[in-house]
Amino acid sequence: MVIPEELIPIAGMLMVIAIIAIVFWFKSREKELQYHQDLRIREMEHLKKMKELEVELEKAKALSSGNRAA
């Protein structure tokens, strides 16, 4: 099979464009994964703070009901 000479430069440019596209895709995928990881960490920190606030609220309710009983 003989490739016409006009297609060789076009194929070379297409190959370079494909390589650049793949590199950009991998970089954007890496950024997306990093974003999701950061979001998950923030979510876990938020849940931890919410649990701490819940415990403090329980303590405040217990103290409040203790003062009423006395």
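Glu 43 and Arg 40 both belong to helix α1, where they are three residues apart, about one turn of the helix. Helices are DSSP runs of H or I with at least four residues, strands are runs of E with at least two, and both are numbered from the N terminus. The model is a predicted one, in which local features need pLDDT of at least 70 and side-chain atom pairs count only at pLDDT 80 or more, while totals for chains, interfaces and linings use all residues. Residues are numbered from 1 along each chain as its sequence is written, and side-chain values use heavy atoms, with hydrogens and water left out.

The protein chain contains one helix and zero strands. Its C-alpha atoms fill a box of roughly 100 × 15 × 10 Å along the principal axes. The radius of gyration of the protein chain is 30 Å, whereas a compact globule of 70 residues would have a value near 11 Å; the radius is taken over C-alpha atoms, and the globule rule is 2.2 Å times the number of residues to the power 0.38. Buried residues account for 0% of the 70 residues, where buried means under 20% relative accessible area, exposed over 50%, and partly exposed in between (1.4 Å probe, protein chains only).

Two salt bridges are present in the structure, each defined by a side-chain nitrogen of Lys or Arg within 4 Å of a carboxyl oxygen of Asp or Glu. In one of them, the side chains of Glu 43 and Arg 40 meet at 3.2 Å, N to O. Glu 43 is partly exposed, with a relative accessible area of 40%, and Arg 40 is also partly exposed, at 46%. Glu 32 forms a salt bridge with Arg 29, with the closest N and O atoms 3.4 Å apart. Glu 32 and Arg 29 likewise lie in helix α1, three residues apart. Glu 32 counts as partly exposed at 37% relative accessibility, as does Arg 29 at 35%.

The structure also holds one aromatic pair. The ring centres of Trp 25 and Phe 26 are 5.0 Å apart and the planes stand at 75°, so the pair is edge-to-face. Rings of Phe, Tyr and Trp (its six-membered ring) pair if their centres lie within 6.5 Å; planes under 30 degrees apart count as stacked, over 60 as edge-to-face and the rest as tilted. Both Trp 25 and Phe 26 are exposed.

Met 1 is located in the segment before α1 (7–69) and counts as exposed, at 98% relative accessibility.
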